[in-house]
Amino acid sequence: MPGRRRLPRSTPEEQGVDPGALAGVVRSLTALPELHSLMVLRHGRVVAEGWAEPYAADRLHEVYSLSKSVTSTAVGFAVDEGLFGVDDLVLDHFGDRLPDAVEPDEHLRRMRVRHLLTMTTGHSQDPSPLVFPSDDDWVAQFLRVPVEHEPGTRFVYNTAASFMLSALVQKATGQRLLDYLQPRLFEPLGIEGSTWEQSPSGVDTGGYGWSATTEDLAAIGLLYLQDGAWEGQQVLPDGWAAEATRMHVPNGDDPDSDWAQGYGYQFWRCRPANAWRGDGAFGQYVVGLPEQDVVVVTTAGRQEMHEYLDVLWDGLLPGLSDAPLPPKDHAELDRAIAAMRLDPPRGEPTSPTGARLSGRRIRFVQNACGLRSAVLLVGADEDLLVVDLAGERIEAAVGRTGPAAGRAEAGHGQPAVVRGSLRRRQPEDVLVSGTWTATDVYVLTFRFVESPFCLTATVSVAGDDVTVQASWNASFGPRELPAFTGTVD
């Protein structure tokens with residue numbers, strides 16, 4: 001099953017890691033909401049790991065743009081098998097997908113696969129917003145976008161280019177990325193049950209949309225740190241790990257920024273010498289430190305994700321030794337890991353206001369959430385919330401003393417950029433909690449535990465007037481939603 005332990009474990013000291021430094025890293029990361037999981041490897045062995053309740057080792061977690069590094073891996077296999085080359089022209093593979101009446105300009109004609117890999121396609125800005133909202137063929141949409149500059153001359157972050165790599169692999173192999181990687185990458189590393197979103201035409205999205213467990217991510221990081229070798233066998237094509245993670249293009253000149261240290265084949269470079277990372281929005285990281293023989297993995301829901309890297313450089317690196325350390329007490333580290341909890345707000349499970357409202361319909365004015373009405377039914381052990389969301393009836397159990405588990409249709413309420421009509425995995429787990437933080441204030445928490453997101457809605461009641469203020473822990477757009485009002489029937 002997903003999340004089973006398959007990487008070797010060790011005490012930190014045996015691998016030359018100070019457990020006190022690890023404890024400090026865990027405390028610092030936990031103080032920066034919202035850390036969901038952490039795994040640290042030294043010399044190929046796990047020396048620290050933890051999941052913030054309610055996240056767990058066997059849960060898949062959407063990793064956003066960290067997916068790009070996995071897409072790059074698929075490209076490496078396809079290139080090694082002779083299906084295409086990194087210097088192939090993009091139009092040699094997709095010339096038949098040019099929209100009618102579109103004459104490719106000279107820049108597009110000179111765009112190569114390596115330009116997709118390094119995000120140097122020649123676009124002046126990321127074309128993704130012009131590609132993904134469409135219900136049409138995303139390849140054709142990509143080819144329609146003007147290419148203003150000579151490919152290879154400038155770095156512009158480009159998720160649509162990553163999708164094109166996925167489409168290229170699928171066209172060359174006849175398989176979606178998820179299936180193509182199964183015998184080549186996933187089976188050797190013991191990765192089971194991972195999922196990938198798809199475009200309307202059935203192509204894995206490539207630049208985002210992959211979901212995996214923390215240990216799955218750690219295994220991929222270790223594979224790259226070991227130059228593609230796994231348990232004595234060469235899994236990645238020889239030389240691909242070094243080629244993919246080295247700097248191919250500059251992407252800034254700020255020496256203090258981990259987003260300006262250069263870019264590889266869908267991998268970022270980091271400030272420490274020779275360090276690299278797979279990087280996904282809101283704190284999804286696989287960090288490789290070849291000089292120190294370290295891999296660090298985080299999953300999270302943190303808006304300011306750069307702070308996680310600062311903690312690693314300032315807190316972890318000084319705690320590394322070239323030789324094993326004398327045995328030390330692990331109590332401090334154990335306490336820090338045990339404190340990795342993301343509990344809902346505390347309050348009272350019931351309130352006279354809740355009893356008065358039970359079973360009565362609240363009708364809302366038009367609002368950004370699309371919430372038309374809601375009914376709260378107070379139960380003995382948990383409540384039931386029934387809402388009309390954009391014309392769709394949704395029921396959710398609401399835990400009183402702890403979260404109640406439910407299933408949400410993928411995409412309900414998630415604050416992602418508009419991504420068009422995606423073929424997503426099955427409905428995802430959501431944990432719902434409700435508590436009265438004051439007699440007339442009810443706080444609802446919706447935690448989507450297979451993604452970075454958590455929605456908090458504060459409901460204030462004054463007689464028969466209701467005001468709702470909702471906010472996300474992280475978002476591509478505004479985190480605070482406009483407050484809106486309603487009236488009790």
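Which helix and which strand each supply at least two residues of the lining of the second largest cavity? In this predicted model, the two elements are helix H10 (214-225) and strand S9. H10 gives the largest share of that lining, with three residues. The second largest cavity holds about 40 Å³ of space and is lined by Leu66, Ser69, Ile220, Gly221, Tyr224, Phe267, Trp276, Gly278 and Val286. By class, six of these residues are nonpolar and three polar, and no charged residue is present. Tyr224 also belongs to the largest nonpolar core, a set of 71 residues, where Leu143, Met164, Leu185, Leu189, Trp210 and Tyr224 touch the most other members. A second, separate core has 36 residues, among them Val25, Leu35, Val296 and Leu320.

The search of the whole structure returned two cavities of 30 Å³ or more. The lining of the largest cavity comprises six nonpolar, six polar and one charged residue.

Strand S9 (residues 276-280) pairs with strand S10 (residues 284-289) in the antiparallel sense over five bridges, with arginine 277 opposite valine 287 in S10. Both strands are part of an open sheet of six strands, ordered S2-S1-S11-S10-S9-S8, in which the pairing is antiparallel. Strand S2 (45-51) and strand S8 (268-269) stand at the edges; each has a single partner strand, so one side of each lacks a neighbour in the sheet.

A further antiparallel pair is formed by strand S19 (residues 454-462) and strand S20 (residues 465-472), joined by eight bridges. Threonine 458 stands opposite glutamine 469 in S20. The two strands make a hairpin with two residues between them, and glycine 463 in the turn has a positive phi of about 65°. S20 also pairs with strand S21 (residues 484-488), again in the antiparallel sense, over four bridges; here valine 466 is opposite glycine 486 in S21.

The largest pocket has a volume of about 930 Å³. Of its 42 lining residues, Leu371, Leu385, Val387, Phe446 and Leu455 are the closest to the centre. Strand S15 (residues 392-399) contributes the largest share of the lining, six residues. The lining of the largest pocket divides by class into 33 nonpolar, four polar and five charged residues.

Terms used:
Residues numbered from 1 in each chain as written. Predicted model: local features only at pLDDT ≥ 70, side-chain atom pairs only at ≥ 80, totals over all residues. Heavy atoms only, no water. Core = buried A, V, L, I, M, F, W, Y, C linked by side-chain atoms within 4.5 Å. Buried < 20%, exposed > 50% of the residue type's maximum accessible area, 1.4 Å probe, protein only. 1 Å grid on protein atoms, 1.4 Å probe; cavity = no way out; pocket = protein on both sides within 12 Å on 5 of 7 lines; lining within 4 Å. Points joined across faces, edges and corners; volume = space filled by probe spheres on them. Nonpolar A, V, L, I, M, F, W, Y, C, P; charged D, E, K, R; others polar. Pairing = 2+ DSSP bridges.
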